[in-house]
Amino acid sequence: NAAASQSQQLPASPASQSHSLTGEGNEEKDQQGRRGLSFKCLRSLQSKICEDDWRRPQGPDLEPGSQEPEEKKIALELLETEQAYVNRLHLLDQVFYTELMKEAKTGKTVPEEVVKMIFSNISSIYQFHAEFFLPELQKRMEDWNRNPRIGDVIQKLAPFLKMYGEYVKNFDKAVELITAWSEKSPPFQELIADIQVCANLTLQHHMLEPVQRIPRYELLLKDYVRKLPPQSPDRSDAEKALEMIFMVAKHSNAAIAEMERLQNLWVVYQRLGLEDDIVDPSNELIKEGPIQKISTRNNSTSEKYLFLFNNMLLYCVPKVIQVGAEFQVHLRIDVEGMKVRELKDTEFPHTFLVSGKKRSLELQPPVPLQPCLPLQAFQDAIDRKEKRSETFKTAVHGLETDTPALKTEELGLRAPQWVRDNLVTMCMRCKEPFNAITRRRHHCRACGYVVCARCSDYKAELQYDGNRPNRVCQECYIFLTGHTLLEDREGRHKGILEKGAAEVSNRSLLCSSLQLMDKNGKGGTRGWFVIPQDDPLVLYIYAAPQDVRAHTSIPLLGYQVRDVAQGESRHLFQLVQSRQVFTFMADTEELKRRWMRAMARSAAGITHEEEEEEEAGPCVEAE
C-alpha cells in the first residue's frame, strides 16, 4: 500500500540503538492493543526501524583500537547522528504528515489546516537536512584525509537553522492539537496509533527530536573545538560555527525546559484523574504537599493535600482506593481574588487563612515543614498573578489576633472566614451567652460571625454563592438589602465589659489563657485574660479569645501579687487585697512570671511599658 511504499524511501541508516527503541515499542504495542486499534498500515516500516541502528558505534574507516585523531572521531559522530536524525525527519514528514494529509483530504478525520498546524515547517527542516546538511557532511568526511575540517560547512549552513524557531514556538500548540483531535476524532487517533505501532515511539516523541537537535549540535561542536590541535586549520571556522549554533541553542534549550515542565504537569494531572476543567498546559505547578485542615465546627484537624498552581489552588483528599487517580479534588479556589494571612491561634500554631471568592480555609502546615514555607508559596503565587492582571491587591498583614472580618464593601462578594465555635461563648451581635437548648450557635454567611438564632433570622442574596439566599446576621442584612429594622442597636455606647477579646488582645500589655481557681484551690474556670494598653490598670477576663464581651473585670490598682509555691506541676500565683484573694494557674513557670510582673506594675499604677519589655509581644500562647 501507499504507506508501505513510503517505508522503502527511507534513507540508508546505520545500525542503531534498537535495544531502547524496541523496549519502548513493545510497551506502545501493549497500550495500542488495549485500545483495540488495528495494524492496517506501515508493517514494512516496523521491520525497517527495528533492524536499523540510529547511531554507529564506529565510523566506516575506524577499526577497534585505531589511533584516529580525536577530532575526527567527533566529526564522524556528528555525521552518524545526522544520518539518524534525517531518518526521524523522514518519518515525521514523509510518513506521519503525508498519511495524515491524505486522510484529511477525504474530509473524514481532521481538517487539512489542523494537520499543517501540527507539523508546522517540518517539511522545510527535513528538506534542508536531507538535501543539504547531510550531503555536505558526507562529502567532507569522505575527503577528510585531504581536507580535515567541518567548521566551514557548519558555519555556511548554520544561518538556515533559524528556521527551527518557528517549529519550536509551535511545538506546544502542536501537542495540544494532537491531544484534542485524538479525543475528538477516533479515525485520527486510530491512524496515529497504527503508525506509532510500526515506528516504536509515539508521534510526540518523534516531534521532540527537532527541538533537541540544536543543543546536540552545540555539545558536539564544543567537544570538537576542545579536541582540535592549537594550529588546526579548522579552529577559526569551528569557533565561529560554535558561536552561531550557541545563539540558536538558547531558544532550543528554553523549549526543552518547557517540555520538561509539560511532562511534569501531565504526571500531576494523572494523579488528579485528568479532570477536564483542570487539565491546562499553560498551568504551572508552584507547590504541592500535605496540609492540616482546621474544622470550624468541632475544632479538630484532618489531613488534606494541596496543589498550588499559578492560577488556582486545588484542595484534595487522598483516595482510599487509588484506581485511576491518587487524589480527589474537593475544592478549587482561583488565585485571582485569593487572599492569605497568618493567624494568631493559641491552639493551632502557624495557622493561616486562605480565602477565595467562594470559600475560605483555615490551614496548618504539618509539623515537619517550616511553617513559613506554605504561606510564602501562596503569597508568591498571588503576587505573580497580581503583576499580570493588576486587578486586585493582596491582603497579608502579618500576625493578627483581631476577628478576621471582611471589609464592608466585600460583604456578599467573597466567602468570609468563619469564626470557630469554640472561640466564642456568646452571640457576637447581641452578646447573650450560648446554651445547648434555647440559644444555639449559627454562622452568618456574609461576615462569618458566630451568632444566635434571633440575630441571624434573616435571608440575603450573596453574590459569591450565585445570588442564592443565605442566612445572615441583622447588620449584614441591613447592609446587603438596604432594609431598615425597628430594632436598631447601632450607636449604643459600649459598656466597660463590651470590649471584644480579639480587639483588646491585639493592643494589650499581656494576654494569654489562665485558670482562675476556686476558693479551695482544687478546681477553677479557664479563660482568656487581658490587660489592655488603653486600660492598663484593669484585668479583663473572657470565656474565650474571640468573645465580644468580658464576663469579669478586676481593677488591679492596690492589689499585691504573691507567688504560691506548688512544685513543678502547678504554677500558681495570687492577687491579694484585704480579704479579697484571686488565685491563678498558668501553663508554664515562665508565663506565670510574666503575669506576676505585669500585674505588679498595674497594681503599682505604672501605665507605661519599660524599654526592657520583652520583644516577643504581649500575647502569650499557651503551650
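**Briefing: a buried asparagine, salt bridges and an open sheet**

At 13% relative accessibility, Asn 470 counts as buried, where buried means under 20% relative accessible area, exposed over 50% and partly exposed in between, with a 1.4 Å probe and protein chains only. This is a predicted model, in which local features need pLDDT of at least 70 and side-chain atom pairs count only at pLDDT 80 or more, while totals for chains, interfaces and linings use all residues. Residues are numbered from 1 along each chain as its sequence is written, and side-chain values use heavy atoms, with hydrogens and water left out.

**Surroundings of Asn 470**

- Asn 470 sits in strand 11 (residues 468-472); helices (H or I, at least four residues) and strands (E, at least two) are DSSP runs numbered from the N terminus.
- Leaving aside residues up to four places away in sequence, Asn 470 touches Arg 445, Tyr 458, Lys 459, Ala 460, Leu 462 and Asp 465, contact meaning heavy atoms within 4.5 Å.
- With the side chain of Asp 465, the side chain of Asn 470 makes a polar contact at 3.2 Å (a pair of N or O atoms within 3.5 Å; within protein, one must be able to donate a hydrogen and the other to accept it, and residues adjacent in sequence count only if both atoms are side-chain atoms).

**Salt bridges**

- The count comes to 25 salt bridges, each being a side-chain nitrogen of Lys or Arg within 4 Å of a carboxyl oxygen of Asp or Glu.
- Glu 209 forms a salt bridge with Arg 88, with the closest N and O atoms 3.3 Å apart; Glu 209 lies in helix 10 (residues 203-227) and Arg 88 in helix 4 (residues 70-106), so this pair ties together parts 121 residues apart in sequence.
- Glu 209 is buried at 13% relative accessibility, and Arg 88 is buried with a relative accessible area of 8%.
- Lys 102 and Glu 99 meet in a salt bridge at 3.7 Å, N to O, and both lie in helix 4, 3 residues apart, about one turn of the helix.
- Asp 563, Glu 589, Lys 592 and Arg 593 are linked in a network of salt bridges.

- An open sheet is formed by 7 strands in the order 15-14-13-12-18-17-16, with antiparallel pairing; two strands pair if DSSP finds at least two bridges between them.
- Its edge strands, each pairing on one side only, are strand 15 (552-555) and strand 16 (560-564).
- Strand 13 (residues 524-532) and strand 14 (residues 538-542) run antiparallel and are joined by 3 bridges.
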